[in-house]
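Here is a short report on selected local features of one model. Look at the sequence and the structure first, then read on.

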Amino acid sequence: MSIEKLSLISIVGPVEQYDDAISDIVIGSDIHLENALNVLEGNKALKPFEDENPYIGNLEKLRNIIATHNLCEDFSNENTLSYNIDSTEALIKKIKTEKRALSDEINELREKKAHNDEIIEQLKPLLEINVNLEDILSFKFTAVRFGKLPKASYAKLEEYLQELEAFFFKGSENKDYVWGVYFTPRTLAEKVDRIFSSLYFERTIISNEASGTPKDAIFKLEMENDVVMSKIENAEKSLNDIYEKNKADIFGIYKLLSEKETIYKYRKYGAFAKNSFYIIGWANKKTIAAIDEKVKRHKDISLVIEEAKDVSNYITPPTLLKNNALFKPFEFFVKMYGLPSYNEIDPTPLVALSYILMFGIMFGDLGQGAILALGGFLIYKFKKIDLAAIISLAGVSSMVFGFIFGSVFGYEDVINLPFTVHPMENIMPVLLATIGLGCVIITIAMLYNIANGIKTKKYGKVFFEQNGLAGLVFYWAVIIGILLLFVKGINAFTIVYNTIFLVIPLIMVFAKEPLTRFLSKKRPYLTGTKGEFILENFFELFEIILSFVTNTVSFVRVGAFALNHVGMMGVVFVFSKMASGGASMVVVILGNMLVMGLEGLIVGIQVLRLEFYEIFSRFFEGNGREFRSIEKNNA
């Protein structure tokens with residue numbers, strides 16, 4: 001329940017061993033790296049590692065291959081020692097060569113099938129002719145032409161055929177072409193060929209691939225096409241499997257390049273001078289011990305450790321919050337406001353306890369609290385959402401105060417024990433009790449501020465601020481005086497009491513600037529004119545006194561919401577009485593759901609408002625920077 005104590009470590013060694021130091025020592029360690037040039041800016045000999053990362057291009061190629069082809073890593077091959085940086089280009093070249101060969105083979109096979117299909121289309125008109133194609137093609141006096149022509153030309157063909165000594169056998173057709181064959185005397189072949197050419201007839205030369213009768217030739221070509229298609233399917237499968245076949249090499253090289261790229265990206269943190277490199281970062285005691293063991297394995301690399309207080313004049317440590325499982329989810333709220341600086345007190349425990357307490361009072365209901373507790377717990381268990389853990393703890397607090405208030409799902413008469421306090425029957429005590437709670441919480445916040453001032457050696461903050469000792473004395477002098485007056489009937493506000501406990505503290509707050517500069521031995525004690533100082537600080541003092549009142553009274557909303565909860569459930573029961581039969585219970589159930597959702601949200605926001613504006617504003621600056629672990633960022 002504090003801020004982790006950190007030390008500044010420097011890893012130093014020969015510049016040629018920089019990558020080894022990053023790989024073997026830094027990566028995997030819970031260390032926050034700093035830019036070595038910034039930390040050692042006084043050393044003019046230091047230079048950054050400016051080399052361009054050589055691994056990004058090839059790594060991106062492999063990423064695209066893995067993503068495009070949905071490759072899944074085979075974890076049985078974890079060895080990367082058999083690969084080197086040049087393996088990437090060799091692998092990609094090998095894959096491209098195999099792809100090109102298979103693609104060429106597929107294209108050739110598809111061309112062969114298309115050629116066979118075209119021959120088959122030319123032969124279909126001759127299916128009824130029981131004559132060998134060799135005989136048809138070897139006619140001495142008759143020319144035979146196979147081919148296709150556009151449908152529009154086929155529509156005109158009949159007119160031309162009436163004047164020609166030729167006849168045309170139509171075969172198959174599609175939406176664009178008609179296939180067929182025409183016969184004409186060889187003496188007229190040249191003339192007829194010209195006319196068919198003018199009709200855009202595209203001739204197909206039937207080679208000796210087609211033999212036997214047209215029916216036999218078609219059967220042989222179709223059988224050959226089946227073999228071609230089988231070869232195409234096998235080649236396409238080999239093409240699709242080419243990446244799967246080389247998967248082990250792809251992931252082996254990818255893993256190697258990823259490791260090298262990760263090492264390389266940490267060069268931006270390092271620096272070198274002459275023959276030595278410098279890596280600087282923050283780590284806790286446990287991590288330093290682990291790093292020291294790693295460093296000992298490298299005889300030329302050394303580790304230098306410096307305490308945070310010894311280097312605070314030129315570098316500020318990052319903040320690493322350290323809280324137990326109960327308080328840790330509330331770091332979420334702290335980080336919403338800002339991180340405490342390294343020398344501040346971690347406000348997380350105060351936030352956790354005050355939030356849980358105030359939420360429980362404002363939303364005190366045993367039944368509804370149980371649902372919040374259970375629901376939040378289940379969400380946190382399976383989703384690990386910090387807000388769900390907060391809701392669960394707040395629900396437990398609601399159960400406790402629901403038991404005290406005697407409220408179960410809005411029913412106020414279920415629990416009646418000697419210690420039961422029904423808010424509506426004790427309105428004034430509830431409101432006064434929450435104001436008293438506010439006084440205690442504000443006091444704790446002021447004590448936090450004083451402690452922070454002591455830790456950071458800002459003694460003006462300790463003694464003279466409105467949230468320092470002067471403000472604390474004034475605040476409690478007023479509270480004690482009012483309590484004595486109204487409870488005991490004793491008027492403590494005498495001249496001596498007022499002078500010592502009210503006037504002097506206010507004067508100290510009024511003069512905090514010159515008094516602080518006096519303690520710090522800084523001159524001049526006033527940075528402006530006396531008139532500006534008096535006018536500015538007079539109105540500031542007036543605002544401070546007013547803020548003590550408003551901040552304290554602001555906590556009355558805690559009690560008001562406790563009353564509001566009872567009131568809202570009262571409205572639900574009024575509506576349930578207006579409903580008849582089973583509808584009455586339905587109204588109660590729906591009403592409880594509505595109140596839990598609506599009021600739970602409002603109460604959560606209101607408690608957070610009290611945390612930020614009435615508590616945090618008194619002591620928490622939130623100027624810290626987060627500890628960023630190399631181990632977590634590289635996970």
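Isoleucine 31 sits in the loop between helix H1 (18-26) and strand S3 (32-34). Helices (H or I, at least four residues) and strands (E, at least two) are DSSP runs, numbered from the N terminus. The model is predicted: local features need pLDDT of at least 70, side-chain atom pairs count only at pLDDT 80 or more, and totals for chains, interfaces and linings use all residues. Residues are numbered from 1 along each chain as its sequence is written, and side-chain values use heavy atoms, with hydrogens and water left out.

Is isoleucine 31 buried or exposed? Isoleucine 31 counts as buried, because its relative accessibility is 1%. Buried means under 20% relative accessible area, exposed over 50%, and partly exposed in between (1.4 Å probe, protein chains only). Contact means heavy atoms within 4.5 Å. Leaving aside residues up to four places away in sequence, isoleucine 31 touches Ile9, Val26, Gly281, Trp282, Ile291, Phe627, Arg628, Ser629 and Ile630.

Strand S10 (residues 276-283) is mostly covered, with 6 of its 8 residues buried. Two strands pair if DSSP finds at least two bridges between them. The table lists pairings of S10.

| Partner of S10 | Sense | Bridges |
|---|---|---|
| S2 (residues 7-14) | antiparallel | 8 bridges |
| S3 | antiparallel | 3 bridges |
| S9 (residues 271-273) | antiparallel | 3 bridges |

Serine 7 stands opposite alanine 283 in S10. Histidine 32 faces tryptophan 282 in S10. Alanine 273 stands opposite serine 276 in S10. S9 and S10 form a hairpin with 2 residues between them, and lysine 274 in the turn has a positive phi of about 55 degrees.

**A four-stranded sheet**

An open sheet of 4 strands runs in the order S6-S7-S5-S8, with antiparallel pairing. Its edge strands are S6 (167-173) and S8 (202-204), each pairing on one side only. Neighbouring strands of this sheet are turned by 30 degrees against each other on average, direction ignored. Strands S5 (residues 142-150) and S7 (residues 177-185) run antiparallel and share 9 bridges. Glycine 147 has glycine 180 in S7 as its bridge partner.

Helix H6 (residues 151-161) packs on the sheet and touches S5, S6 and S7; its direction makes about 140 degrees with that of S5. Helix H7 (residues 189-198) lies across S5, S6 and S7, at about 160 degrees to S7. Axes are lines fitted to C-alpha atoms, for helices over the stretch in contact, and angles run from 0 to 180 degrees between N-to-C directions.

**Helices H3 and H10**

Helix H3 (residues 56-68) and helix H10 (residues 247-265) pack at about 140 degrees, with their axes 10 Å apart. H3 is therefore oblique to H10. Angles under 35 degrees count as roughly parallel, over 145 as roughly antiparallel, 65 to 115 as roughly perpendicular and the rest as oblique. The contact includes Leu59 and Leu62 of H3 and Phe251 and Tyr254 of H10.

**Glutamine 368**

Glutamine 368 lies in helix H15 (residues 366-383). Glutamine 368 is buried, because its relative accessible area is 0%. Beyond residues up to four places away in sequence, glutamine 368 touches Phe363, Phe409, His565, Met569, Asn592, Val595 and Met596.
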